[in-house]
Amino acid sequence: MTSAVRAVVPFVIALVIGGTVLLATGHNPVEFYQLLVREAFGGTDRIAATLSAATPLLFTGLATAIAFRAGVFNVGVEGGFVFGGLIAATVALHAGLLAGMVAGALAGVLVSALPGWLKARWNVDEVVTTLMFNFVVSGVTGWLVTTFLQAKGVANSATTLIPQGSWLPDLLPPYGLTAGVLVALALVLLYALWIKHSVLGYELRQTGLNPRFSAAQGIRVGRVIIVSMLVSGAIAGLGGAAHALGVVHRFVDGFSPGYGFTGIAVALLGRNSAVGVTLGAVLFGALASAGTTAQLFSDIPLDIVDVLSGTVMIFAVVRLWRQR
């Protein structure tokens, strides 16, 4: 099957299970799904809202997919996203948009560098190190904001509002869709070309399939692992920068509602391919944007949307392990 079809199958299964739940609770699943589609894609404003919700997931899904391609189960993208957002907001406040974006990417690299080196040098379990780094980053960012970067006159933990000249441009000003989506799509395209048509892309794929055989071929597996983690961190940090400079315009407490963890589901759903990651991000973005507004037009609780999202994740993982 193609990447697009493999990404859609878990989603279809989730719709069937969600429809069963809706029937059991006395609701019409067809009407509810039609409502979701209309709220996700029924007009320029709704499409813009869906793409806006999908933008951070494009970054985090791609960052996760790159590490997965090298056989590294990186669950620290959330930390890179958050730290990249804080550093980008702080730098852009004083040095402008471009400097903020670059600083955000470098912050993501900083978060992923040590776990990548530990994995390559001593084969330290990357799931543990990257997961723990999320907690470290959360504590460090909270301390930095409350101690040094807290905006005056703001009750919650937040940095100073970035000047409008340092914001990412709006593509559709009334609807909140920024140029961040173009950056994300450009990165996805570059990834598709890089992974298939470059030497390092070949080494990345081979290392992910069989690191021992790759080493026997002469591939420097440790170097590939470190590079994959650094690139993954850079993209995660860039995603945080795009979110800070394009949407929030500062760093605030609760900056990410788990974009990095949803990115894991996006990568698994998309089988680490460029097309699959794009489709997965749009699907989860549609659920996020449509689920909130659909509540206004029906008596169906938002929890049903969470059931759909969770079921998609479960079957994406089940199919992955079945492949392995």
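Which residues make the nonpolar surface patch of about 470 Å²? Val128, Leu131, Met132, Phe135 and Phe261 make the patch. This is a predicted model: local features need pLDDT of at least 70, side-chain atom pairs count only at pLDDT 80 or more, and totals for chains, interfaces and linings use all residues. Residues are numbered from 1 along each chain as its sequence is written, and side-chain values use heavy atoms, with hydrogens and water left out.

A patch takes residues with over 30% relative accessible area and no salt bridge; like charges are joined within 9 Å, and nonpolar side chains (Val, Leu, Ile, Met, Phe, Trp, Tyr) within 5 Å. A salt bridge here is a side-chain nitrogen of Lys or Arg within 4 Å of a carboxyl oxygen of Asp or Glu. Areas come from the Shrake-Rupley method with a 1.4 Å probe, and for residues only the protein chains shown count as cover.

Start with helix α6, residues 126-149. Helices are DSSP runs (H or I, at least four residues), numbered from the N terminus. Helix α6 gives the patch its largest share, four residues. Phe135 lies in this helix. Phe135 is exposed, at 58% relative accessible area. The cut-offs are under 20% for buried, over 50% for exposed, and partly exposed in between (1.4 Å probe, protein chains only).

Asn134 also sits in helix α6. Is Asn134 buried or exposed? Asn134 is buried, because its relative accessible area is 11%. A polar atom of its side chain lies 2.8 Å from the backbone oxygen of Val75. Leaving out residues up to four places away in sequence, Asn134 touches Val75, Gly76, Glu78, Gly79 and Phe261. Contact means heavy atoms within 4.5 Å.

Now turn to the aromatic rings. Rings of Phe, Tyr and Trp (its six-membered ring) pair if their centres lie within 6.5 Å; planes under 30 degrees apart are stacked, over 60 edge-to-face, and the rest tilted. The count comes to seven aromatic pairs. Phe81 and Phe255 form a tilted pair, 5.7 Å centre to centre with 40° between the planes. Phe81 lies in helix α4 (residues 77-95) and Phe255 in the loop between α10 (221-248) and α11 (259-269), so the pair ties together parts 174 residues apart in sequence. Phe81 is buried at 0% relative accessible area. Phe255 is buried at 5%. Trp117 and Trp122 have ring centres 5.1 Å apart and planes at 80°, so this pair is edge-to-face. Trp117 is partly exposed at 37%, and Trp122 is exposed at 53%. Ring pairs also link Phe81, Phe251, Phe255 and Tyr259 into a cluster.

Methods
Helix = DSSP H or I, 4+ residues; strand = E, 2+ residues; numbered from the N terminus. Polar contact = N/O pair within 3.5 Å; in protein donor to acceptor, adjacent residues only side chain to side chain.
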